[in-house]
Amino acid sequence: MDIIEFFKVVILGIVEGITEWLPISSTGHMILVDEFVNLNVTKDFKDLFLVVIQLGAILAVVVLYWHKLWPFYNKTLSKRTRAAISHKPGWAQPILIFRERFCDKEKWVLWFKIIVACLPAIIIGLPFDDLIEEKFMNYVVVAIALIVYGILFIVIENYNKNRKASCTSLEEMSFKTAFLIGCFQVLSLIPGTSRSGSTIIGGILLGTSRTVAAEFTFFLGIPVMFGASLLKIVKFGFEFTSTEVIILLTGMVVAFVVSILAIKFLMGYIKRHDFKAFGWYRIVLGVLVLGYFIGKTLLA
């Protein structure tokens, strides 16, 4: 891999790291950037790269929120707890001791909420993955999705202006709300929608605070992105050249570093502002994407 290709990978990693977490559509940006920063690789590998690079982004969430996600600890049981367990059936006592000593129940509940929220995307996304990629992965769909959801952000924030959030922490979120947010995530199967954008919109409409909606979106991305990456790797096969391995690792490392900065920025931003600025940005970007590609087609 020469120096030019290396810088192309770095640029794509930076774009992925920024746009994966901000509700502005990483796909829309990748399509536009790909016009000017075209990797010298096969089409199949490029399709794989644009998905697997997300692993670097998702690792940033794991690192930043490890304290909220890791469901195990090691604590000493109180005499009262041991006494209560001793009155349970013999077969149940080892299980209860393990649960009380090593398992953080609140974090396990959070993971069950994440799994429940992933079900709609798994049920609908997996069977139609190839069809969606074939029929909808084009600039027209992406541009329209950017504009439509940009308008929705503005409308929903105006509607939400005088409402008080009914859910201000992840612990308060019900399984029903988690599942419904997962249903909103299905909308992101359409390229240009933005996975974070659709789930954040869903969360706000369902009464969660912006912070809770954003954090749950981050956590929801962990199984979704790992699953999507694994699916792409299985379809591609496990035979990579040394250059392809370097490209993947470089892209993921850059996406990881930039994602940490992007997530910190977003969480600081939404404590003081709403999402309308992102809505206007999406509208402008959608118009630019549509105008650029229509102009390119007419001049061809």
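**Note on the salt bridges**

1. Lys43 is exposed, at 60% relative accessible area. For reference, buried means under 20% relative accessible area, exposed over 50%, and partly exposed in between (1.4 Å probe, protein chains only).

2. A quick word on what we're looking at: this is a predicted model, where local features need pLDDT of at least 70 and side-chain atom pairs count only at pLDDT 80 or more, while totals for chains, interfaces and linings use all residues. Residues are numbered from 1 along each chain as its sequence is written, and side-chain values use heavy atoms, with hydrogens and water left out.

3. Back to Lys43: its side chain meets that of Asp47 in a salt bridge, 3.0 Å from N to O. The term covers a side-chain nitrogen of Lys or Arg within 4 Å of a carboxyl oxygen of Asp or Glu. The two residues sit four apart in helix 3 (residues 43-52), so about one helical turn separates them. Helices here are DSSP runs of H or I, at least four residues, numbered from the N terminus. Asp47 is partly exposed, at 22%.

4. Searching the whole structure turns up eight salt bridges. Among them is Glu100 with Lys105, whose closest N and O atoms are 3.6 Å apart. Glu100 counts as buried at 14% relative accessibility, while Lys105 is partly exposed at 43%.

5. Lys276 pairs with Asp274 in a salt bridge, with 4.0 Å between the closest N and O atoms. Lys276 is partly exposed at 24%, and Asp274 is partly exposed at 23%.
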